[in-house]
Amino acid sequence: MERREFIKKFAATVAAMQLGDVISLIPNAVAAEVPTAALSRLRLADSIADVLRVPSVCLNCSNVCGMNVLVKDGQILGVEGSKTDPNPQGKLCAKAHGGVSAVNYPERIVYPLKRVGERGSGLWQRITMEEAYEMIAERIKPAIAAGHPERVVFHGGRNKIGDIVGRFMNAVGSPVVLNHRALCSANKRAANLTSIGDKDWETVDAERCRYFLNFGSNFLEAHQGGFPLMRRYVKAKAAGAKMVTFDVRLSNTAGRSDEWHAPFPASEGAVALAMAHVIVNENRYDAEFVNAWMNVSLAEIKTFLAPYTPKFAEEASGIAASDIARIAREFATAAPACVAFTNRGTQGHQNGFNNERAVVLLNALVGSVGAEGGYAYGGSQSIKGSNFPEPAPIPPKPKFSTDLEDPKQYPLSNHWAKMKVSELVFDKLLKGEHQVDVYLSYTIAAPQNWPEGPQVTVAALKDEQKIKFHACSDVVYSEMAHYADLILPDATYFERYTIDARNAYELQPYMVLRQPAVEPPFDCENFADSLINIAKRLGPDIAKYFDFDSYAEFVAYRLNSLPKRDGLNGFDYMKKHGAWVWNKPKNYRPFAKTLSAEQLLGTTVENGVIYQEVKGKKQAIGVMQNGVAKRGFQTPSRKFELHSPYVEQMAQQLGIKDDGWPHFAFPESMTQRKPHQLVLTTFKWNVHTQGRTAPQKYLTEIVHDNPAWINRQTAKRLGVKSGDFVEVTSYRPVSDYQVHNPSDVVGKIKVKVVVTEGIHPDVIAISNSMGMNYGGRIAEGRNGKPAELPAFAQAEDADMVNHIWWDKRRGGAGNGFNPNSLIPINPSPLVGNQSWNDTICDVVKV
């Protein structure tokens, strides 16, 4: 039977679909020109007097801002900022408001679907949740029975259910829990870990800061903790603070800075070291901090910094030496109420780890580390471990690792924090380096968001020998779901429980509770509950660890370890108020805190470092300062480590030239770039978060197109103007995790350009989050009826039938371009952070 006839015969309408019916989810399966009636929805203005406010937490980006969900008659009307969450201080951004549209998205997945035909063919059969649980369990059991639990793999993005995921995978016996950290902030975290021993990024004490030295962060739009930081920056600016931004692109943050400088890509470390050179050689450093808290002497620091003059940095970056020296002096004069900080623009290079360490050094030299108004850290509350115990019995952790989740080539990726090297996962699978019997994916859109995602990721996901079974939990028919064997209908973040927290910008620990504002529709279910139900079907040896009925019960158990407040247990208090703030002093200069007599019981002192034996191992807990036991930094020396013996040791073992100091050197691709070639950089809009937000109507109405930015003088050389198209061809990096021919092409795309002075002449910039192949009509930018989909028959939206004005078939701009097909898999040395911004391109007019 012809495939078209097969679909026509068996595909069901939304209203009539029954168990076992086969449907097609291929885009454009059905077209329509006549709008249908939109679902009549309540509006907030209709009546606000009896609206129910449910405290919860946004999850449309990494800021996780507390919000009240406004509910009436079981329907979400909107959201408002929660004043009980100390981070956003009662305010929300556009992403939080736009996220509401995900709940009633007409093309939402609401039933479990089993693949029919070849993987990626787009044909699905509706089954029951019970069948779905059994299907997954019956594929996990053989891996366990064969003594290969590592063949069960979990891969999640920003999933927020790490507690139950970890419990499930530990019970199975598999250590292979993958994340997306190396695509995001691994170099930044590794720099903080190496320098101060903290596992997170800095928490700028922004409200009290008087000088912001910003390297590559666009926190007014997109940054970890960006919205809370922005709120406090506005107050600081009103009080007279200054901000200087170094960024290859005139971002909204750069545009609202007092000064914007566009350095050559990857040169930020040279600029930071040159500033350090000025601060040290002009005696503008904090002598008390340098002498007491750094693990090297002032003489050693001067020797290290000697080559990194402002003139050296000018040659590397293109920024005037006089400006570099002037800004260094201004920064030091504002100390300690000053901060040098970074984000993806600085770390996303082969030399990103040392770029980051160089910027952190500036804070140490002027004594702003941990200072009021400075480079604060460590004030957040961990929601792991004994403070929030899990129900007993607790499954033991696997006592082995694999090269998939713990690649030995990148020792800093997992030494202190589980950062993984996720950009390598699909390449390793294609090469047969790890057998996968069961692959569980959750909250990631790797075909869209991974480097070489449209090529390498898709090839791995389609290969039924490399990934034998793929179960995907998702809200919509996403890029990831399209290549699954089973789709589980996920609950949105408006319909589920999770405990959450972020960097505490008030420097007092806090946490928030995400809770259901409405019930999930049809068969939609929190994936945490799906894992619990699967575990119960894996036999008594695993089911015993899941002797509770739901994730809500699991969360309640953990939160009830909190003391009672207002006569309520922890869970009920959190449900009522949404947030819990610990009444502790602000976390200034934690390294200088004196250890108590109780903390010093059973300790020993060696070379000034205080040690305690923990589970048979010697662990540093403090350092002696002038005869007083201080906490110090959480590094091996308990001091700020400008020179890292651990980095030097690991580099020697791997045969990498690195003496443990944060030297500056350009990535080899940059040094061998031909004069006419451009460097590709990518960025985020304030209304989008990778692959998560494109199906959300109101956000994609705001931004649905992403032309490439090029400089005016570059455009003149290429003979192009705004609105013209260019072909961008990208190449393999010169140095990489494997041998490549640098003339090898990674990808080609034709993209529209916008000409602007707001970008470095040697750079081409394309935003991410666009160019979806799947995700429904909004993400795909196409009018018409939905693809045959078991979803909300009563929730059709007339705008989506005929009023998507960016539909390319009707002369619109289209749904944009995916730049990740151009970007090679390119982990940085030692850490493995993806070098997003080292991609060398040829650009020609078409």
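Over how many bridges do strand 22 and strand 23 pair, and in which sense? Point 3 answers this.

1. Basis. This is a predicted model, in which local features need pLDDT of at least 70, side-chain atom pairs count only at pLDDT 80 or more, and totals for chains, interfaces and linings use all residues. Residues are numbered from 1 along each chain as its sequence is written, and side-chain values use heavy atoms, with hydrogens and water left out.

2. Whole chain. The protein chain has 27 helices and 30 strands; these are DSSP runs numbered from the N terminus, with helices being H or I of at least four residues and strands E of at least two. Its radius of gyration is 27 Å, close to the 28 Å from the globule rule for 846 residues, so the chain is as compact as a globular protein of that length. That radius is taken over C-alpha atoms, and the rule is 2.2 Å times the number of residues to the power 0.38. Along the principal axes, the C-alpha atoms fill a box of roughly 80 × 70 × 60 Å. Of the 846 residues, 63% count as buried, where buried means under 20% relative accessible area (1.4 Å probe, protein chains only).

3. Strand 22 (residues 609-614) and strand 23 (residues 617-625) pair in the antiparallel sense over six bridges; two strands pair if DSSP finds at least two bridges between them. V614 has K617 of strand 23 as its bridge partner. Both strands belong to an open sheet of four strands with antiparallel pairing, in the order 21-22-23-24. Strand 21 (604-606) and strand 24 (628-630) stand at the edges with a single partner strand each, so one side of each has no neighbour in the sheet.

4. Helix 18. Nine of the nine residues of helix 18 (residues 527-535) are buried, so the helix is largely enclosed by the rest of the structure. Among them are F527, D529, N533 and A535.

5. Residue N768. N768 lies in the loop between strand 29 (763-767) and helix 26 (777-780). Its relative accessibility is 7%, so N768 counts as buried. Leaving out residues up to four places away in sequence, N768 touches R344, F683, K684 and P819; contact means heavy atoms within 4.5 Å. The side chain of N768 also makes a polar contact with the side chain of S769, at 3.0 Å. A polar contact is a pair of N or O atoms within 3.5 Å; within protein, one must be able to donate a hydrogen and the other to accept it, and residues adjacent in sequence count only if both atoms are side-chain atoms.

Key. Buried < 20%, exposed > 50% of the residue type's maximum accessible area, 1.4 Å probe, protein only.
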